[in-house]
Amino acid sequence: MEDLYVIQTPNGFGRAHMRWDGSNCWYLEMIEIPEADRGEGFGSQLLQQVLDAADAEGARLMLVPARPCYESIDAMGTVQLARWYQRRGFHHVKGSNRFVRQPQRTICVQENSSSIRDFRADLAR
């Protein structure tokens with residue numbers, strides 16, 4: 001199955017192309033932002049949409065950071081791109097060129113709730 005995430009930018013649209021094979025692993029095949037809009041945070045916003053969707057589904061994300069051959073010299077290099085993904089929770093799979101991000105779980109409790117007091121008490125033990 002495939003999915004496409006889109007964000008409007010001042011000079012067009014950015015897109016992220018995903019695919020998955022029915023398992024609990026999604027493959028981020030590319031994020032593309034119009035050249036004139038790069039460095040303005042649109043790629044980060046688009047990736048955040050993908051991360052939120054994957055987290056909601058409890059899915060693992062996998063990718064291979066690579067700069068397409070048709071990109072300009074101003075595009076991020078592969079090492080720079082790998083670091084960009086690492087800052088967003090992806091980890092290098094040793095012995096490969098792949099990066100993976102496990103689903104993130106967020107637990108929300110009210111500050112004054114008994115749950116947070118119980119949790120803090122358990123941590124103090």
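Select Trp26 first: Leu61 in strand 4 stands opposite Trp26. Strands here are DSSP runs (E, at least two residues) and helices are DSSP runs (H or I, at least four residues), both numbered from the N terminus. This is a predicted model, in which local features need pLDDT of at least 70 and side-chain atom pairs count only at pLDDT 80 or more, while totals for chains, interfaces and linings use all residues. Residues are numbered from 1 along each chain as its sequence is written, and side-chain values use heavy atoms, with hydrogens and water left out.

Six of them form an open sheet with mixed pairing, in the order 1-2-3-4-6-5. Two strands count as paired if DSSP finds at least two bridges between them. At the edges are strand 1 and strand 5 (91-92), each of which pairs on one side only. Strand 3 and strand 4 run parallel and are joined by three bridges.

**Around Trp26**

Now show what surrounds Trp26. Leaving out residues up to four places away in sequence, Trp26 touches Tyr5, Met18, Arg19, Trp20, Val50, Ala53, Ala54, Glu57, Ala59, Arg60, Leu61 and Met62. Contact here means heavy atoms within 4.5 Å.

**The nonpolar core**

Select Tyr5, Trp26, Leu47, Leu61, Tyr85 and Phe90 together: these have the most contacts inside the largest nonpolar core, which has 24 residues. Strand 1 (2-9), strand 2, strand 3, helix 1, strand 4 (60-63) and helix 2 (78-86) each give two or more residues to this core. Which element gives the most to it? Helix 1 does, with seven residues. A nonpolar core is a set of buried Ala, Val, Leu, Ile, Met, Phe, Trp, Tyr and Cys residues joined through side-chain atoms within 4.5 Å. Buried means under 20% relative accessible area, exposed over 50%, and partly exposed in between (1.4 Å probe, protein chains only). In soluble globular proteins, nonpolar side chains tend to be buried together.

**The salt bridges**

How many salt bridges does a search of the whole structure find? It finds three. The criterion is a side-chain nitrogen of Lys or Arg within 4 Å of a carboxyl oxygen of Asp or Glu.

Select Arg15 and Glu32, whose side chains meet at 2.8 Å, N to O. Arg15 is in strand 2 and Glu32 in strand 3 (residues 25-32), so this pair ties together parts 17 residues apart in sequence. Arg15 is partly exposed at 35% relative accessible area, and Glu32 is partly exposed at 22%.

Move to Glu29 and Arg19, which form a salt bridge at 2.3 Å, N to O. Glu29 lies in strand 3 and Arg19 in strand 2, so the pair ties together parts ten residues apart in sequence. Glu29 is partly exposed at 39% relative accessibility, as is Arg19 at 34%.

Then select Asp55 and Arg101, a salt bridge at 2.8 Å, N to O. Asp55 belongs to helix 1 (residues 42-57) and Arg101 to strand 6 (residues 99-101), so the pair ties together parts 46 residues apart in sequence. Are these two residues buried or exposed? Asp55 counts as buried at 15% relative accessibility, and Arg101 counts as buried at 6%.

End with Phe13, found in strand 2 (residues 12-20). Phe13 is exposed, with a relative accessible area of 54%.
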